[in-house]
Amino acid sequence: MPQSFTLEKNSNIAILTGAGISKESGLETFRDPDGIWSRVRIEDVASPEAFAKYPDAVHNFYNLRRARHRVATANPNPAHLALARLEAEWAGDVTVITQNVDTLHETSGSQNLIHMHGVHSKARCNLCQHVVDWQGDMSTADVCGACGLPGGMRPHVVWFGETPLHLDRIQATLVECDLFLSIGTSGNVYPAAGFVSVVQQIGRAYTVELNLEPSLCAKIFDEGRYGPATEIVPFYVDQLLESL
């Protein structure tokens, strides 16, 4: 830890995670040069307009994503496990705000978790907003168990043009944190890319970027550490816990 930075044992820690933390578990990213959006047009499968015009195509795309998550051999990697350990052993609040739609944080043991972009393993009714666990394929023929109407079931993920989930809770977490970590993010997806600025405007927290390489927001952080998440995240967590 930097000598100029001290953290009390009951301090609050907010952690933003992106696709980079799950890539080392074998899951595809979206924005890498070989990521999903290099092969599929966003506007064709990941917007409310696409779902209104081409619901079958949207369902097929997300059915494939959901199936790959079900059969994938992906398991939480040392970075996920380190964050779960930090939550379990740290005296203050540790909250993970994730942009990821996988459930590797849950599987690793993290409990204080905010999925700001939703999750593949849930569905939402566009007609009544009811959210339900969902593991299999989805189609326009599916009937909502709450309102009883067909045609409205959709993946419980945030599409382009939609507002991320749980922003009030996220704002409260950022305001109350004493340390803000950003892990595996590109820095070009808002509002998540602006969280570091929110924290620094409050002027309370120390900010650290843990990433494979500097993000677009790297210069804003108080500190940056770069390398594979499976190496730098456990090392940083060890340092935090040793400082207690």
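**View 1. Leu179 and its surroundings.** Setting aside neighbours within four places in sequence, Leu179 is in contact (heavy atoms within 4.5 Å) with Phe5, Leu7, Asn12, Ile13, Ala14, Ala205, Tyr206, Val208, Tyr236 and Leu240. This is a predicted model, where local features need pLDDT of at least 70 and side-chain atom pairs count only at pLDDT 80 or more, while totals for chains, interfaces and linings use all residues. Residues are numbered from 1 along each chain as its sequence is written, and side-chain values use heavy atoms, leaving out hydrogens and water.

**View 2. The largest nonpolar core.** A nonpolar core is a set of buried Ala, Val, Leu, Ile, Met, Phe, Trp, Tyr and Cys residues joined through side-chain atoms within 4.5 Å; buried means under 20% relative accessible area, with a 1.4 Å probe and protein chains only. Here the core has 26 residues, and Ile13, Ile15, Leu86, Trp90, Leu179, Val233 and Leu240 touch the most other members. Helix 9 (229–242) is one of the elements that supply at least two residues, and helix 9 gives the most, with seven. Helices (H or I, at least four residues) and strands (E, at least two) are DSSP runs, numbered from the N terminus.

View 3. Meet six strands, paired in parallel in the order 3-2-1-7-8-9; strands pair if DSSP finds at least two bridges between them. Strand 3 (113–115) and strand 9 (223–226) stand at the edges with a single partner strand each, so one side of each lacks a neighbour in the sheet.

**View 4. Strands 1 and 2 side by side.** Five bridges join strand 1 and strand 2 in the parallel sense. Look for Leu16, whose bridge partner in strand 2 is Ile97.

Terms used: Buried < 20%, exposed > 50% of the residue type's maximum accessible area, 1.4 Å probe, protein only.
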